[in-house]
Amino acid sequence: MEKRLLPVVGVGPCPPLIPRLSCVRKLFIATAHAISMPKCPECKRKIVSLEYRAYELRSGLMDRESKYSGLVSEDVLTDSIRYCCPACGHVIAVDEDSAIRFLRGQS
Ligand SMILES: [Zn+2]
C-alpha cells in the first residue's frame with residue numbers, strides 16, 4: 001500500500017535560486033488546499049466566493065441614450081450588507097470580517 005503524500009506545513013529554508021517570497025506563496029497555497037473548502041449550511045455546496053449585496057449611494061453620468069458611465073459608490077447602508085451563497089442566496093455573513101473568516105474556513 002502506497003503512502004499518501006501530505007501537504008508540507010511549516011517553514012524551512014527556501015531552495016536555492018528561488019526567491020523567498022515565491023517560496024512562501026507556494027507554502028501558503030499548499031496549506032490553503034489542505035484546509036477543507038467551506039460549504040453553504042443551506043444547500044451544502046462548496047463555496048469559493050460569496051455574493052455581495054447592499055444598498056449603495058452611487059453617482060455617475062448618464063447620456064441621452066440613458067447609458068451610465070463613471071459610476072462610483074459614495075456610501076453604503078451598512079445595515080443592508082449581505083454576503084450570500086452564490087448558488088442558493090442563503091445569507092452567510094453581514095460584515096466583511098465574518099465573510100472572510102467563513103471563506104478561510106475559520107468560522
Ligand atoms: Zn447555498
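# Briefing: strand pairing, core and confidence

Three bridges join strand 1 to strand 4 (residues 82-84), and the two strands run in the antiparallel sense. The model is predicted, with a mean pLDDT of 78 for the protein chain. The protein chain contains two helices and five strands, arranged along the sequence as α-β-β-β-β-β-α. The points below cover the sheet, the hairpin, the core, selected residues and confidence.

- Three strands make up an open sheet in the order 1-4-5, and their pairing is antiparallel.
- Strand 1 (51-53) and strand 5 (91-93) are the edge strands, each of them pairing on one side only.
- On average, and with direction ignored, neighbouring strands of this sheet are turned by 45° against each other.
- Helix 2 (residues 96-103) packs on the sheet and touches strand 4 and strand 5.
- The direction of helix 2 makes about 100° with that of strand 5.
- Within the pairing of strand 1 and strand 4, Glu51 stands opposite Cys84 of strand 4.
- Strands of a sheet pair through backbone hydrogen bonds, in either a parallel or an antiparallel arrangement.

- Strand 2 (residues 56-62) and strand 3 pair in the antiparallel sense, with six bridges between them.
- Bridge partners across this pair include Ser59 with Val72 of strand 3, and Leu61 with Ser69 of strand 3.
- The two strands form a hairpin with five residues between them.
- Ser66 is found in the loop between strand 2 and strand 3, and its phi is near 55°, a positive value in a residue other than glycine.
- Ser66 has 6 other C-beta atoms within 10 Å, so it is exposed.
- Strand 2 is hardly covered, as the count of buried residues among its seven residues is zero.
- Strand 3 lies largely in the open because the number buried among its nine residues is zero.

**Gly70 in strand 3**

- Gly70 belongs to strand 3 (residues 68-76).
- With 8 other C-beta atoms within 10 Å, Gly70 is exposed; the cut-off for that class is 12 or fewer.
- Not counting residues up to four places away in sequence, Gly70 touches Gly60 and Leu61.
- Gly70 and Arg58 are 12 residues apart along the chain, and their C-alpha atoms are separated by 9.7 Å.

**Burial and the nonpolar core**

- Of the 107 residues of the protein chain, 5% count as buried.
- The largest nonpolar core has five residues, namely Leu50, Tyr83, Cys85, Ile92 and Ala99.
- In soluble globular proteins, nonpolar side chains tend to be buried together.
- Cys85 is in contact with Cys40, Glu42, Cys43, Ile47, His90 and Ile92, leaving aside its neighbours within four places in sequence.
- Considering contacts in the protein chain with a separation of 6 or more, 42% are between residues 24 or more positions apart.

**Arg82 in strand 4**

- Arg82 lies in strand 4 and has contacts with Arg53, Ala54, Val91 and Val94 once its neighbours within four places in sequence are left aside.
- The C-alpha atoms of Arg82 and Glu96 are separated by 9.0 Å, with the two residues 14 apart along the chain.

- Lys44 is located in the loop between helix 1 (20-34) and strand 1.
- The phi of Lys44 is near 70°, which is a positive value in a residue other than glycine.
- Lys44 counts as exposed because it has 10 C-beta neighbours inside 10 Å.

**Confidence**

- In the protein chain, 67% of the residues reach a pLDDT of 70 or more.
- Over residues 1-34 the pLDDT stays under 50, and the model has 11 contacts beyond four places in sequence for this stretch.

Methods
Residues are numbered from 1 along each chain as its sequence is written. This is a predicted model: local features need pLDDT of at least 70, side-chain atom pairs count only at pLDDT 80 or more; totals for chains, interfaces and linings use all residues. Helices (H or I, at least four residues) and strands (E, at least two) are DSSP runs, numbered from the N terminus. A residue is buried if 20 or more other C-beta atoms lie within 10 Å of its own, exposed if 12 or fewer, and partly exposed in between; C-beta atoms are placed from the backbone. Two residues are in contact if their C-beta atoms, placed from the backbone, lie within 7 Å. Two strands pair if DSSP finds at least two bridges between them. Axes are lines fitted to C-alpha atoms, for helices over the stretch in contact, and angles run from 0 to 180 degrees between N-to-C directions. A nonpolar core is a set of buried Ala, Val, Leu, Ile, Met, Phe, Trp, Tyr and Cys residues joined through C-beta atoms within 7 Å. pLDDT is the predictor's confidence in each residue, from 0 to 100.
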